[in-house]
Amino acid sequence: MPAHRLPEFPGRVAVPGQSRGTPVTPSALEHLNAAPAAEAEHALLACLHSLRWAVRVAGHRPYPDLPSLLAACDEAAYDLTPPELAAALAAETLPPLPEDAYSAAHTALDAAHAAYEAKFGHAFVICLDGVAPAESLDRVLEHIRSRLANDPEEERVVAAEELRRLAAERLTRFLTGTGGPASRLDSFRTAGHAT
């Protein structure tokens, strides 16, 4: 028996999680693992708007850690059919501009997005994880213009990868408490869906 483990005695139970007045709360991953399937699926839909994806990810719970959950999310996203991918893309919106963006930036972004949507039939999606807010507008415009050169099949592959990255970013932010715009995730976390 390892030196750090106490021997087990029949009928004795250790008191777990003792603290000095600070309540111990379950992690967001524990909440997700313990939630009823419908609630977990509803929360996951805020990360990627595909019911089959959300059902599949929720159906493989519990996840021991975030990397395991993210791997399952990626695997489920790779299995989206073209119509499911199209529906998920249709549910996306253009990334928001920084609050201090000038009106010409709005005009340039609107024009670039309109050209993109006219060519590909869905909103432009990009994961801006790790991009400084001051650089996000330039990054979005640069990528829209660059991706307009893609043919529809090339862009479908790129957009699918960006959706996977967005789903991972949204889920990571939710589970680590670093913020996130998805109200379904925020309300799920604060509701305390532990068993």
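The structure is a predicted model, in which local features need pLDDT of at least 70, side-chain atom pairs count only at pLDDT 80 or more, and totals for chains, interfaces and linings use all residues. Residues are numbered from 1 along each chain as its sequence is written, and side-chain values use heavy atoms, with hydrogens and water left out.

**Overall make-up**

The chain holds 9 helices and 0 strands, where helices (H or I, at least four residues) and strands (E, at least two) are DSSP runs numbered from the N terminus. Of its 195 residues, 37% are buried; buried stands for under 20% relative accessible area, exposed for over 50%, and partly exposed for what lies in between, with a 1.4 Å probe and protein chains only. Among the contacts with a separation of 6 or more, 68% come from residues 24 or more positions apart, a contact being heavy atoms within 4.5 Å.

**Helix packing**

| Helix pair | Angle | Axis separation |
|---|---|---|
| Helix 2 (residues 37–44) and helix 3 (residues 51–59) | about 125° | 8 Å |
| Helix 3 and helix 4 | about 145° | 9 Å |
| Helix 4 (residues 66–78) and helix 8 (residues 152–176) | about 150° | 10 Å |

Angles under 35 degrees count as roughly parallel, over 145 as roughly antiparallel, 65 to 115 as roughly perpendicular and the rest as oblique. Helix 2 and helix 3 pack at an angle of about 125°, which makes helix 2 oblique to helix 3. Helix 2 passes helix 3 in a right-handed crossing; a crossing is right-handed if the near helix is turned clockwise from the far one by less than a right angle, and left-handed if anticlockwise. On the helix 2 side the contact is made by Ala37, Ala40, Glu41 and Leu44, and on the helix 3 side by Trp53, Ala54, Val55, Val57 and Ala58. These residues divide into 8 nonpolar, no polar and 1 charged, with Ala, Val, Leu, Ile, Met, Phe, Trp, Tyr, Cys and Pro counted as nonpolar, Asp, Glu, Lys and Arg as charged, and the others, Gly among them, as polar.

Helix 3 and helix 4 also cross in a right-handed sense. Trp53, Arg56 and Val57 of helix 3 meet Leu69, Ala72, Cys73, Glu75, Ala76 and Ala77 of helix 4, and by class this contact has 7 nonpolar, no polar and 2 charged residues.

Helix 4 and helix 8 are roughly antiparallel to each other, and their crossing is right-handed. Their contact involves Leu66, Leu69, Leu70, Cys73, Asp74, Ala77 and Tyr78 of helix 4, together with Glu161, Arg164, Ala168, Leu171, Thr172, Leu175 and Thr176 of helix 8; by class it has 9 nonpolar, 2 polar and 3 charged residues.

**The nonpolar core**

A nonpolar core is a set of buried Ala, Val, Leu, Ile, Met, Phe, Trp, Tyr and Cys residues joined through side-chain atoms within 4.5 Å. The largest one has 46 residues, of which Leu48, Trp53, Val57, Leu69 and Leu171 touch the most other members. Two or more residues each come from helix 1 (28–34), helix 2, helix 3, helix 4, helix 5 (82–90), helix 6 (103–120), helix 7 (133–147) and helix 8, and helix 8 gives the most, with 8 residues. Residues up to four places away in sequence aside, tryptophan 53 touches Leu44, Cys47, Leu48, Cys73, Ala76, Ala77, Leu80 and Ala167.

**Individual residues**

Glutamate 161 sits in helix 8 and is partly exposed, with a relative accessible area of 32%. Its C-alpha lies 8.7 Å from that of tyrosine 78, although glutamate 161 and tyrosine 78 are 83 residues apart in sequence.

Valine 125, in the loop between helix 6 and helix 7, counts as buried at 1% relative accessibility. Neighbours within four places in sequence aside, valine 125 is in contact with Leu89, Glu92, Arg147, Ala159, Glu162, Leu163 and Leu166.

Proline 62 belongs to the loop between helix 3 and helix 4, and a cis peptide bond, with omega of about 5°, joins arginine 61 to proline 62.

How values were computed:
Axes fitted to C-alpha atoms, helices over the stretch in contact; angles between N-to-C directions.
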